[in-house]
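Please open the structure in a viewer and keep the sequence beside it.

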Amino acid sequence: MQTLVVVVHVIVAVAIVALVLLQQGKGADAGASFGAGASQTVFGSSGSGNFLVKATTIAATIFFVTSLSLAIFARSQSGVATPSGLPIANPALLEQRVTEQSDVPALEDDEPVATQSDIPSIPDGND
């Protein structure tokens with residue numbers, strides 16, 4: 001289901017780009033009012049304005065719905081929140097879960113901690 005929504009989302013995104021590029025700007029109407037552009041339209045003498053505007057509106061609505069659907073899919077797969085939708089109330093449970101999944105070995109109590117840094121110091125101008 002998610003793959004289908006992604007495919008529809010990409011197709012509609014490309015369609016929106018194409019529809020926006022096909023539309024004429026507001027300044028192009030001045031030339032058409034003198035008869036320059038009416039004979040060369042594909043959609044008749046009334047122009048393509050109504051068709052392209054309606055098609056862009058429908059494509060934008062579909063794009064919005066698919067975006068919302070993909071956000072819902074992502075939220076359900078993330079596992080960030082508990083099933084009730086509320087954050088975890090007990091931080092000890094979160095720390096326990098993080099330490100169980102960590103790949104970094106924990107320091108033992110008797111291990112020495114490195115006191116030197118790997119970052120070089122900036123020399124003084126007094127030398």
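A helix, as the word is used on this tour, is a DSSP run of H or I that is at least four residues long, and helices are numbered from the N terminus. By that rule, Ile 16 lies in helix α1. Please keep in mind throughout that the model is a predicted one.

**Stop 1: the whole chain**

Next, switch to a surface view. The chain exposes about 10900 Å², of which carbon and sulfur atoms supply 63%. Of the 127 residues in the protein chain, 9% are buried.

**Stop 2: the nonpolar core**

Select Val 12, Ile 16, Leu 19, Leu 52 and Ala 59, and show their side chains. These five residues make up the largest nonpolar core. Two elements, α1 and α3, each give two or more residues to this core. Which element gives the most to this core? The answer is α1, with three residues. In soluble globular proteins, nonpolar side chains tend to be buried together.

Now centre the view on Ile 16. Is Ile 16 buried or exposed? Ile 16 counts as buried because its relative accessible area is 18%, and the limit for a buried residue is under 20%. Leaving aside neighbours within four places in sequence, Ile 16 is in contact with Ala 59, Ala 60 and Phe 63. Then select Ala 59. With neighbours within four places in sequence again left aside, Ala 59 is in contact with Val 12, Ile 16 and Leu 19.

**Stop 3: Thr 56**

Thr 56 lies in helix α3 and is buried, with a relative accessible area of 17%. Not counting residues up to four places away in sequence, Thr 56 touches Leu 19, Val 20 and Gln 23. Please look at Gln 23 in particular: a polar contact of 2.7 Å joins the side chains of Thr 56 and Gln 23.

**Stop 4: His 9**

Return to helix α1 and select His 9, which is placed in that helix. Why does His 9 count as buried? His 9 does so because its relative accessibility is 16%.

**Stop 5: Val 5**

Select Val 5, another residue placed in helix α1. At 10% relative accessibility, Val 5 counts as buried. Which residues does Val 5 contact, leaving aside its neighbours within four places in sequence? They are Thr 66, Ser 69, Leu 70 and Phe 73. Use the distance tool on one of these pairs: Val 5 and Thr 66 are 61 residues apart along the chain, while their C-alpha atoms are separated by 6.2 Å.

**Stop 6: Ser 69**

Ser 69 is partly exposed, with a relative accessible area of 25%. Show backbone atoms as well, for the side chain of Ser 69 reaches the backbone oxygen of Val 65 at 2.9 Å. Ser 69 and Gln 2 are 67 residues apart in sequence, and 8.5 Å apart in space from C-alpha to C-alpha.

**Stop 7**

The elements giving two or more residues to the patch are α1, covering 2-22, and α3, covering 49-78. End the tour on Ile 62, whose place is in helix α3. Is Ile 62 buried or partly exposed? Ile 62 is partly exposed, because its relative accessible area is 35%.

Methods:
Residues numbered from 1 in each chain as written. Predicted model: local features only at pLDDT ≥ 70, side-chain atom pairs only at ≥ 80, totals over all residues. Heavy atoms only, no water. Buried < 20%, exposed > 50% of the residue type's maximum accessible area, 1.4 Å probe, protein only. Core = buried A, V, L, I, M, F, W, Y, C linked by side-chain atoms within 4.5 Å. Contact = heavy atoms within 4.5 Å. Polar contact = N/O pair within 3.5 Å; in protein donor to acceptor, adjacent residues only side chain to side chain. Areas by Shrake-Rupley, 256 points an atom, 1.4 Å probe, with all protein chains shown as cover.
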